[in-house]
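Thanks for asking me to look this one over.

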Amino acid sequence: MTYQDTVKVHIVTYRRPHLLVRALKSLTKQTYTSWIAEVINDDPTDDSVNQVIKNLNDSRIFLSQPMIHRGGTENFNYAFRAQDTKYACLLEDDNWYQEDFLQCMISALTNFPNIELACANEIIWKEEPDGSWLNTQKTIWKYDNDFELFKSNLLDKCGSAKICNSSMFWRTKNSPNWQTPQSIPIDVTEHFRERIIPHPILLVKKPLVNYAETIDSYRSSDVSRWGSYQVLLIGSIFETVYGDMFDMRQQLADSLWQKAFTSQKQLYTSLLFTGLVFKEAKILWSMCPLNLKLRFLMTLVRRPVSSLLILKSKILQEEAYKFLVNSKNFT
């Protein structure tokens, strides 16, 4: 077995040594044994990470040097930069692999030689107040077949993402081109990266990763921040669609409002903000029922500061905005 057959696993951790142990142990139990793991400690003052690695006593696991506080988004970008190995993957410290994750993902990409990135299904676990973990018996996707080739359409690109950070597995040849803006929060790194990863993406429907819903999270709870990026994700599509512009935008607006009325009711606020921020998306505002417009206007009055931040998203998140409108992966 050559070094090219080795998988580089990037373990991103921040002040959660008790969870890091579980993540790393899931690696040591892999049926595919040719891997190396670079542990990226985002708190250089936390000596417990080095102790966890020493206690496991596995020469394949090493601490990334120098230790730098990059933040979650830049740590994820680091994982996609140039590698010596043919394959790489990323694991957040609170999640963990099934024993056959690496073997199944290598096999999947071998069977699809033209695909650059695959993403595995995830089992959802919920942290209980006493520190135990509840298997919800739910998965991210329905396990109805072995594989699916996913090529997103315009509706998919409007604020949703199919890929998941801890279940991605990719060929490293072109991955340095998949960098996201440094300024975005980790909450939307998947949404932004999916815009530049070559499609189709291979979905491995077998649940191979355990996804943890932790009680405490480092993801942002700022509603205006999330709302701003939702507006940018949706509005950038309206700004960049081509062909018969009016017809395409009208069809997209119809689909988005249908989604808001049926399966994602919280979406309507983002649609109305988008209709105000992007002139190309003003059809979203005009198609909205009057009662929802009135409710939305009351929200603006009750939350003037957060509403203003969202309305100024194109200016305040300029780097993110430019990234999205310049992305070439529009299908």
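The points below go from the overall fold to single residues.

1. Overall architecture. Please keep in mind that this is a predicted model. The protein has 13 helices and ten strands. Its radius of gyration is 21 Å, close to the 20 Å that the globule rule gives for 331 residues, so the protein is as compact as a globular protein of that length. Along the principal axes, the C-alpha atoms fill a box of roughly 65 × 40 × 40 Å.

2. Burial and contacts. Of the 331 residues, 52% count as buried. If we take the contacts with a separation of 6 or more, 79% of them come from residues 24 or more positions apart.

3. A covered helix. Helix α8, residues 267-277, is worth a look, as it is mostly covered: nine of its eleven residues are buried. Among these buried residues are Leu267, Tyr268, Leu271, Leu272, Phe273 and Val277, and also Ser270, Thr274 and Gly275.

4. Asn121 in strand β6. Is this residue buried or exposed? Asn121 has a relative accessible area of 0%, so it counts as buried. Its place is in strand β6, which covers residues 117-127.

5. Lys205 counts as buried because its relative accessibility is 4%, under the 20% cut-off. Glu148 is partly exposed, with a relative accessible area of 31%.

6. Other salt bridges. How many salt bridges does a search of the whole structure find? The search gives eleven. In one of them, the side chains of Glu280 and Lys279 meet at 3.2 Å, N to O. Glu280 is buried, with a relative accessible area of 17%, whereas Lys279 is exposed, at 65%. In another, Glu318 pairs with Lys322, the closest N and O atoms being 3.0 Å apart. These two residues are four apart in helix α13 (residues 318-326), so about one helical turn separates them. Glu318 is partly exposed, with a relative accessible area of 41%, and Lys322 counts as partly exposed at 42%.

7. The cavity. A search of the whole structure finds one cavity of 30 Å³ or more. The largest cavity has a volume of about 50 Å³. Which residues line the largest cavity? They are Ser152, Asp156, Lys157, Ser160, His191, Glu194, Arg195 and Leu233. By type, this lining divides into four charged, three polar and one nonpolar residue.

8. Cis peptide bonds. A cis peptide bond joins Gln65 and Pro66, with omega about -5°; Pro66 is in the loop between β3 (61-63) and α3 (72-79). The bond from His199 to Pro200 is also cis, with omega near 5°, and Pro200 is found in the loop between α5 and β10.

9. Positive phi values. Asn57 is not a glycine, yet its phi is positive, near 50°. Asn57 lies in the loop between α2 (48-56) and β3, and counts as exposed because its relative accessibility is 69%. Gln137 likewise has a positive phi, of about 65°, although it is not a glycine. The place of Gln137 is in strand β7, residues 133-139. Gln137 is exposed, with a relative accessible area of 67%.

10. A loop lysine. Finally, Lys173 lies in the loop between β9 (168-171) and α5 (189-193). Lys173 counts as exposed, at 74% relative accessibility. The C-alpha atoms of Lys173 and Thr85 are separated by 9.0 Å, while the two residues are 88 apart along the chain.

Key. Residues numbered from 1 in each chain as written. Predicted model: local features only at pLDDT ≥ 70, side-chain atom pairs only at ≥ 80, totals over all residues. Heavy atoms only, no water. Buried < 20%, exposed > 50% of the residue type's maximum accessible area, 1.4 Å probe, protein only. Salt bridge = Lys/Arg side-chain N within 4 Å of Asp/Glu carboxyl O. 1 Å grid on protein atoms, 1.4 Å probe; cavity = no way out; pocket = protein on both sides within 12 Å on 5 of 7 lines; lining within 4 Å. Points joined across faces, edges and corners; volume = space filled by probe spheres on them. Nonpolar A, V, L, I, M, F, W, Y, C, P; charged D, E, K, R; others polar. Rg over C-alpha atoms; globule rule 2.2 N^0.38 Å. Contact = heavy atoms within 4.5 Å.
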